[in-house]
Amino acid sequence: MRSLIKFIFFFFIITNSVLAADSSGPKDKVAYELYKELRCLVCQNQSLLESNAPLALDLKKVVMDKIELGQSKSEIKTFLVDRYGEFILLKPKYSIQNFLLWLGPIFFLLIGFFITFAFLKKQSVYKEEPLPLTDEEENSLKKILDNNVS
Amino acid sequence: MKNKLKYFYSYVPLIIFSILVLFFARQLILKEDPSELPSALLDEKFPSITLSRLADYELFSNKNLMDTDNPSLVNIWSSWCVPCKVEHEFLMRMREEHNIIIYGINYKDNKEDALKVLDLNDNPFYAIGVDQDGMQSINLGVYGVPETFIIDRSGNIRYRHVGPILEYDMEKIILPIIIKIKQEKL
């Protein structure tokens with residue numbers, strides 16, 4: 001019974017993704033890459049490859065036509081960025097305006113390291129070996145212990 | 001000195017918090033829709049497009065937008081687009097009350113349906129061009145209907161409006177820009 005349920009469960013997980021992968025994409029390698037890197041502007045977090053929105057289909061046609069005309073990948077991207085802005089690129093450019101976007105995470109990671117380091121260092125101060133007792137202390141301790149025993 | 005530094009450190013969380021508040025308040029107060037894209041063509045020449053004629057209606061081309069005495073609007077619409085129907089009333093008002101020249105681009109539409117809309121609801125357009133396969137609109141960077149461009153007297157795009165033009169958009173955004181363009185010296 002258990003294995004049957006498992007089987008059904010995984011069967012649907014697998015078939016789901018197979019059915020959803022209708023977006024097998026074009027045979028042309030450049031077209032496939034471009035479809036993946038360009039944003040569908042209607043459903044804004046999908047790539048052209050995944051989208052079947054009418055505008056996405058039109059944009060795919062534009063890309064295909066331009067590839068057939070012999071245009072390069074960057075030429076096609078420039079054409080679309082000129083019209084739709086940088087937003088159409090799913091991966092932002094490495095530009096000065098975007099430096100915070102790209103380097104921000106690294107910056108915050110470094111801050112995190114710094115804070116962790118400072119914290120651990122502070123903690124280690126208290127972990128130092130305690131000083132040995134002085135003779136005087138040793139004697140008074142002995143006294144207390146002896147008293148307790150008797 | 002060390003004490004002063006410690007004093008400063010205790011304020012760091014407050015400072016960071018204030019910066020975050022300002023950062024988020026900006027989005028809240030400006031009420032910008034992040035899904036709405038700024039036009040990449042702002043302050044640039046209206047791209048060259050080729051449109052076809054819709055029945056007996058006057059056709060327009062890039063020539064009409066260039067070097068005119070008046071600023072004009074270019075409105076992308078379709079009979080199947082519901083927000084366009086909402087917007088229609090305000091396009092009519094702009095034509096009739098404010099004498100604004102509006103050019104219409106009929107986007108991926110069925111000819112008969114488009115004609116029916118113009119017959120039934122009046123025609124706000126000075127001239128109309130048909131973009132049957134949507135390729136001309138891609139040249140304009142259009143990503144949904146309706147969209148409206150304001151073109152100044154030398155044929156440059158001055159503003160792009162995404163979505164229907166409603167009362168507020170007409171009074172507070174479109175008309176002031178038109179007035180501003182009219183006041184500019186050529």
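1. How many helices and how many strands are there in chain A? Chain A has six helices and zero strands. Read from the N terminus, its elements run α-α-α-α-α-α. This is a predicted model, and every value below is computed from it. Of the 150 residues of chain A, 13% count as buried. Take the contacts in chain A between residues at least 6 apart in sequence: 42% of them join residues at least 24 apart.

2. One helix pair in chain A deserves a look. Helix α2(A) covers residues 29-37 and helix α3(A) covers residues 54-68. Their axes come within 10 Å and cross at roughly 145°. The crossing of α2(A) and α3(A) is right-handed. On the α2(A) side, the contact uses Val30(A), Ala31(A), Leu34(A) and Tyr35(A). On the α3(A) side, Lys60(A), Val63(A), Met64(A) and Ile67(A) take part. By class, this contact between α2(A) and α3(A) has seven nonpolar residues, no polar ones and one charged.

3. Next, the contact between the chains. Chain B contributes twelve residues and chain A contributes 13 residues. On the side of chain B that touches chain A, seven residues are nonpolar, five are polar and none is charged.

4. Chain B is divided into two domains. Domain 1 spans 1-32 and domain 2 spans 62-183. Taken over C-alpha atoms, the centres of domain 1 of chain B and domain 2 of chain B are 45 Å apart.

5. Now the sheet of chain B. Five strands form an open sheet in the order β3-β2-β1-β4-β5, with mixed pairing. The edge strands are β3 (127-131) and β5 of chain B, each of which pairs on one side only. Neighbouring strands of this sheet are turned by 20° against each other on average, direction ignored.

6. The pairings can be checked strand by strand. β1(B), residues 72-77, and β2(B), residues 101-107, pair in the parallel sense over six bridges. Within that pairing, Ile76(B) has Ile105(B) in β2(B) as its bridge partner. β1(B) and β4(B) pair in the antiparallel sense over five bridges. Ser72(B) stands opposite Ile151(B) of β4(B).

7. On its other pairing, β4(B) is joined by five bridges to β5(B), residues 157-162, and the two run antiparallel. Glu147(B) has Val162(B) in β5(B) as its bridge partner. β4(B) and β5(B) form a hairpin with five residues between them. Gly155(B), in the turn, has a positive phi of about 90°.

8. Is strand β4(B) buried or exposed? Five of the five residues of β4(B), residues 147-151, are buried, so this strand is largely enclosed by the rest of the structure. Glu147(B), Phe149(B) and Ile151(B) point one way from β4(B). Thr148(B) and Ile150(B) point the other way, and these too are buried. Note that Glu147(B) is among the buried residues. Helix α7(B), residues 167-183, lies across β4 and β5 of chain B. α7(B) runs at about 170° to β5(B).

9. Most residues other than glycine have a negative phi, and most peptide bonds are trans. A cis peptide bond joins Val145(B) and Pro146(B), with omega about -5°. Pro146(B) is found in the loop between α6 (135-140) and β4 of chain B.

10. The other features are positive phi values. Asp43(B) has a positive phi of about 65° although it is not a glycine. Ala55(B), also not a glycine, has a positive phi of about 45°. Where do they lie? Asp43(B) is in the loop between α2 (12-30) and α3 (62-65) of chain B. Ala55(B) is found in the loop between α2 and α3 of chain B.

11. Are Asp43(B) and Ala55(B) buried or exposed? Asp43(B) has 10 C-beta neighbours inside 10 Å, so Asp43(B) counts as exposed. Ala55(B) is exposed because 11 other C-beta atoms lie within 10 Å.

How values were computed:
Residues numbered from 1 in each chain as written. Chains lettered and ligands numbered in written order. Predicted model: local features only at pLDDT ≥ 70, side-chain atom pairs only at ≥ 80, totals over all residues. Domains from an automatic or database assignment. Axes fitted to C-alpha atoms, helices over the stretch in contact; angles between N-to-C directions. Helix = DSSP H or I, 4+ residues; strand = E, 2+ residues; numbered from the N terminus. Left-handed = near helix turned anticlockwise from the far one by under 90°. Contact = placed C-beta atoms within 7 Å. Nonpolar A, V, L, I, M, F, W, Y, C, P; charged D, E, K, R; others polar. Buried ≥ 20, exposed ≤ 12 C-beta atoms within 10 Å, placed from the backbone. Pairing = 2+ DSSP bridges.
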